[in-house]
Amino acid sequence: MKAAFLPDRGVVKVSGNDARNFLNGLITTDVARLQVGAGRFGALLTPQGKIVVDFLITEAPSDDGGFLLDCPRALAQNLADKLGFYRLRAKVTVENLSDKIGVLAVWDGEATLKSDLTFTDPRNEKLGVRILVPAELAQKTADLIGAEIADSSAYEAHRIALGIPRGGLDFIYGDAFPHETNMDRLAGVDFDKGCYIGQEVVSRMQHRGTARTRTVRVLLEGPAPEVGSAILAGDKPVGTMGSAADRRGLALIRIDRAAEAVEAGTPLIAGGIAIRVADVDELRNPAKQTVA
């Protein structure tokens, strides 16, 4: 079993009597279904349905309750400010705790000891669990659960192999829809919950099956191209390269153009390196949904 403290992750806390309803009216996941020891994947969107910031969220076990959002550390204060902006008269408090607490990822095994701040990553069970701890306690926590401390790059390679996008590398915050980052496939959007910011656009994409761009896994036939490198099929652009490790990577791809290239046997090239789509099924959208 391996464990890695993730220096790029921060924690924002939302507490108060109205915290659950407050969050449920803003973000893509159903906070009503959250409980201590469980986690959900979600995002705060723009009114146009694009991702402001994505995060994992769990219910806090402390006396005052509330919720802890495991988010990109670089965006933690921005997220806290955004939530504060929407607070209005709601009885909630928003705090950026990133200087006090961080995220330890544990995978390739089952932790022998679990704390109240431990939850399974809801995006893919193979991602393992997340433990919210101060950085100085990462080694001690790993020892207690019987895990070997690894560098965060080892977790990155694990994430990439499982096809889990990371904002800022595999997509640009403020410019990507949830479907483009596979949030619909990673349990990041609850389509049966009530309204939230950007909900109308996301629901329309879901029911009409109109997502043309997706994050897909790719295999590299050489050194990893730079993040953001254009992917070409002949002289036609089909997408951009994202993060990569161990000859595996993620790419934001126009699925119709990539599917045509695969069908025609046209090679995909990024930064002079040949790449292949790891699973052509990832180029297909689910069947369109009809409204009853």
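Asn182 has a relative accessible area of 7%, so Asn182 counts as buried. Please keep in mind that everything I show today comes from a predicted model.

While we're at Asn182, have a look at its backbone. Its phi is positive, about 65 degrees, although the residue is not a glycine. You'll find Asn182 in the loop that runs between α4, residues 152-161, and α5, residues 199-208. There is another residue of this kind: Arg247, not a glycine either, also has a positive phi of about 65 degrees. Arg247 sits in the loop between β13, residues 236-245, and β14, residues 248-254.

Now let's step back to the whole chain. The protein chain has six helices and 16 strands. How does its radius of gyration fit with that of a compact globule? For 292 residues, a compact globule would come out near 19 Å, and the chain has 19 Å, so the two agree. Along the principal axes, the C-alpha atoms fill a box of roughly 60 × 50 × 30 Å. Of the 292 residues, 50% count as buried. If we take contacts with a separation of 6 or more, 70% of them are between residues 24 or more positions apart.

A quick look at surface and charge. The chain exposes about 13,900 Å², and carbon and sulfur atoms supply 48% of that. There are 35 positive and 38 negative side chains, and the centres of the two sets lie 4 Å apart.

That brings me to the salt bridges. The structure holds 19 of them, and I'd like to walk you through a few. Take Asp70 and Arg130, whose side chains meet at 2.9 Å, N to O. Asp70 lies in strand β5, residues 67-72, and Arg130 in strand β9, residues 129-133, so this pair ties together parts that are 60 residues apart in sequence. Are the two partners buried or exposed? Asp70 has 0% relative accessibility, so it counts as buried. Arg130, at 2%, counts as buried too. Arg130 also forms a salt bridge with Asp121, at 3.9 Å from N to O, and Asp121 is buried as well.

Next, Arg159. Its salt bridge is with Asp170, and the closest N and O atoms are 3.0 Å apart. Arg159 lies in helix α4 and Asp170 in the loop between α4 and α5, so the pair ties together parts eleven residues apart in sequence. Arg159 has a relative accessible area of 4% and is therefore buried. Asp170 is buried too, with 5%.

Which of its residues are buried? They are Tyr155, Glu156, Ala157, His158, Arg159 and Ile160. The cover over these buried residues includes β1, β7, β9, β11, β13 and β14. After α4 comes Gly163, with a positive phi near 75 degrees.

Phe55 has 1% relative accessibility, so it counts as buried. Leaving out residues up to four places away in sequence, Phe55 touches a list of residues that includes Arg9, Ile27, Phe41, Leu44, Leu69 and Leu79. Asp70, from the salt bridge with Arg130, is also one of the residues that Phe55 touches. For a sense of spacing, Phe55 and Leu45 are ten residues apart in sequence and 12 Å apart in space, C-alpha to C-alpha.

The other residue is Leu97, in the loop between β6, residues 93-96, and β7. Its relative accessible area is 16%, so by the cut-off I began with, Leu97 is buried. Leu97 touches Val11, Lys13 and Leu68, again not counting residues up to four places away in sequence. Leu97 and Ala76 are 21 residues apart in sequence, and their C-alpha atoms are 8.6 Å apart in space.

Technical notes: Residues are numbered from 1 along each chain as its sequence is written. This is a predicted model: local features need pLDDT of at least 70, side-chain atom pairs count only at pLDDT 80 or more; totals for chains, interfaces and linings use all residues. Side-chain values use heavy atoms; hydrogens and water are left out. Helices (H or I, at least four residues) and strands (E, at least two) are DSSP runs, numbered from the N terminus. The radius of gyration is taken over C-alpha atoms; the globule rule is 2.2 Å times the number of residues to the power 0.38. Buried means under 20% relative accessible area, exposed over 50%, partly exposed in between (1.4 Å probe, protein chains only). Contact means heavy atoms within 4.5 Å. Accessible areas come from the Shrake-Rupley method with a 1.4 Å probe; for residues, only the protein chains shown count as cover. Lys and Arg count as positive and Asp and Glu as negative; His and the chain ends are not counted. The place of a charge is taken as NZ of Lys, CZ of Arg, CG of Asp or CD of Glu. A salt bridge is a side-chain nitrogen of Lys or Arg within 4 Å of a carboxyl oxygen of Asp or Glu.
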